[in-house]
Amino acid sequence: MTPLSSRPASSPVGQSIPHESAALHVTGRALYTDDLWVRTHGVLHAHPVQAPHAHALVTRLHTAPALEVPGVVRVLTADDVPGVNDAGAKLDEPLFPSEVMFFGHAVCWVLGESLEAARLGALAVEVDYEPLPSIVTVRQAIEAESFQGGQPRLERGDVDARLAAAAHVFSGELDLAGQEHFYLETQCALAHVDEAGQVFVQSSTQHPTETQDIVAHVLGLASHAVTVQCLRMGGGFGGKEMQPHGYAAVAALGATLTGRPVRLRLTRSQDITMTGKRHGFHAQWRAGFDEAGHLLALDATLTSDGGWSLDLSEPVLARALCHVDNAYWIPDVRVNGRIAKTHKTSQTAFRGFGGPQGMLVVEDVLGRCAPRLGIDPSELRRVNFYRAGQQTPYGQTVRHPERAVTCWEQVLTDGGVAARAAQIASFNAAHVHTKRALALTPVKFGISFNFTAFNQAGALVHVYKDGSVLVNHGGTEMGQGLHTKMLQVAATTLGVPLSSVRLAPTRTDKVPNTSATAASSGADLNGAAVKDACEQILDRLRPVASERLGVPVDAVVFAGGTVGVTGGEQVVAWGDLVSQAYYQRVQLWAAGFYRTEGLHWDSTRMHGSPFKYFSYGAAATEVEVDGFTGAYRLRRVDIVHDVGDSLSALVDIGQIEGGFVQGAGWLTLEDLRWDESHTPARGRLATASASTYKLPSFSEMPEVFNVALLERAHEDGVVYGSKAVGEPPLMLAISVREALRQAAAAFGPPGTSVELASPATPEAVFWAVRRARGDGGLPQTAPLVEGGLGVVPEQPDATARPLHPRSEQLARQTGAGD
């Protein structure tokens, strides 16, 4: 066991304590970024001028009428930018564009004494546009060959030979929907400039350092002239990893030009129409199986909807390709990836970061092919699990694959799956118009940033003369409990009570060059950095304690707020020792640092070991479907998830529950609809409010919801033996979609294979039931074809095969069954 993962007995780490701000949250006393402007004198308010076109050139921008509106102070345009007019990390996102790239794109910003004055001023700005052709869907982009960024390929073995030799070959297509983050706190920033010209920005951001970088280059300043602080976020889910930078830059630019603080906060409608979403994907695949159901080969092309700029689309696509195997051994694999350029918001990070989309492809393959193979879907999944010594398609050895099996078997046992399956069969036999189904799916999710350089973190720990402790670290708190865990790590390492430790807000002038709080790595990276800083302080205190207690340095023990001797009774209070150390001129603060070891990744070859470890889990979901309407209920969910030795079980269980529900929302309810018509409204997001975009509510919660943490799951080499928990549970919700697929199939004869749209809304389930019954309904997007000649994944390189037509007519011509 490594020192990093070794955990002392009876320590704050591992205790089920409430979230450190829970009382503030529920009483309304927690301060968020937009609460701060009322405490600030002379604030100006920013409001965007949004374009009413999906794609257009700005031919005239006349701002003078806005300045005649009472209360309007200034209109910010591209001419005001002293640095670089761009808010993207890849310099492809003009802050003040001359070419509109999506419906609602902000072309300038109005500053007013009040938000209403700024709004009226925005309405007064005169803008002329020259509309241009627009691409709204991924399929349109594929047809127009509208792509951006790299086109990676992940490949192992001889896919074509393996498919040719397979006993069964199936092909199909899948369209995966995007998802709106719908964090409770919309994008916001508050900026002011001090007497020395130092820019200070309060921002609701998951990545303060990158916000600092973007603000600095827009203003033409060095990074040391800009400080960014994130007090806390009212939710992020990845939507505040890249997207906040431009809004912070607008606020900072306004503050620099006017000499007054500037507040920018998007309304809900603005946030939904202006910010990126989870990437939608289009997938084409062919899969080969042997007679026993082993998945022998997978040939797929994944096309993501990147929107108008790259943002994080390239790493999202890379992670999708790296997770197309999920928990399954596939001997021969070829997966091509590409990013569609469409005239929509620039799609961005979202919990799972491409992993859910990749996993959903292979789960769709197994779910659709199982009936045609005559194998129970759960058994088909189980026989394809990874085994010890096997490697992923990108060449990383899968450590602890037995944990996936353990999670799976515990769900089977604790969930009483066998008995319930028999009950479901009896129920379905007795009910013609209502069917139930029970589906199990696993999760294997890689933890670390794919980009190796991001796997580092820093911390600054202060011990004051009275023994109290202040912790700064580079991670941000968005409700996920990171700060709670960092308090536990610091208290455990120093051997002091939790009440002795306080966390300061995340600031770039305290811990610089931080990575985003993302990739489920916040606790791993920042926890190790906090522990490192604390251990440096202990190393300085040990000689002081050794001299005072008259014992060897290595016999000194810090625990329970006292300093003593191993096996002895002589102790001194922590505060007394700290005070003595101060008078002996011992340094009582330290900067900690951590870098994840053992990672290597070649993005050009899509090969290496990009992940520190894998998180595992399994879920069993039971649903009931009404055949008349497609409406359904989640009757029961059982989850077993691997979080290592939990740092905070209460926080982790909350993350698992929340992740699962958010995943269920993505796969069953949340339906982004852009106007695809050829009217002036083309490209407008029609689901731009809570009244039209359906989120999970209490009525969609499972009636029985059981969550258990995998026991005896210590992860060596990670802070106190823990594992990440932020993203992996979201993918457990794939079991909901698979249960709905099986319930819809139950309305048809045995062996019915159901194509199910994503999201599987009640409407989608209704049409799936109609098709299963043979009653007709909406045509299938891509009917499952056996024989491998229905849908051949498009090969991006020049020597690859062309894409075959994906029609039922082709299946008939070639004799392939449907």
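This is a predicted model: local features need pLDDT of at least 70, side-chain atom pairs count only at pLDDT 80 or more; totals for chains, interfaces and linings use all residues.

Visitor: In what order do the three strands of the open sheet lie?

Guide: Strands (E, at least two residues) are DSSP runs numbered from the N terminus, as are helices (H or I, at least four). Two strands pair if DSSP finds at least two bridges between them. Here the order is β4-β2-β6, with antiparallel pairing. Because β4 (99–100) and β6 (126–131) each have a single partner strand, they stand at the edges, and one side of each is left without a neighbour in the sheet. Strand β2 (residues 56–62) is joined to β4 by two bridges, and L57 stands opposite E99 in β4.

Visitor: How many disulfides are counted?

Guide: A disulfide is a pair of cysteine sulfur atoms within 2.5 Å. The count is zero. For C188, the closest cysteine sulfur is that of C230, at 9.1 Å, too far for a bond. Buried means under 20% relative accessible area, exposed over 50%, and partly exposed in between (1.4 Å probe, protein chains only). C188 is buried at 3%, and C230 is buried at 1%.

Visitor: With which residues is P762 in contact, leaving aside its neighbours within four places in sequence?

Guide: Contact means heavy atoms within 4.5 Å. P762, in helix α19 (residues 762–773), touches T629, G630, A631, Y632 and T668 by this rule, those neighbours left aside. The C-alpha atoms of P762 and T668 are 7.9 Å apart, although 94 residues separate the two along the chain. P762 is partly exposed, at 33% relative accessible area.

Definitions and conventions. Residues are numbered from 1 along each chain as its sequence is written. Side-chain values use heavy atoms; hydrogens and water are left out.
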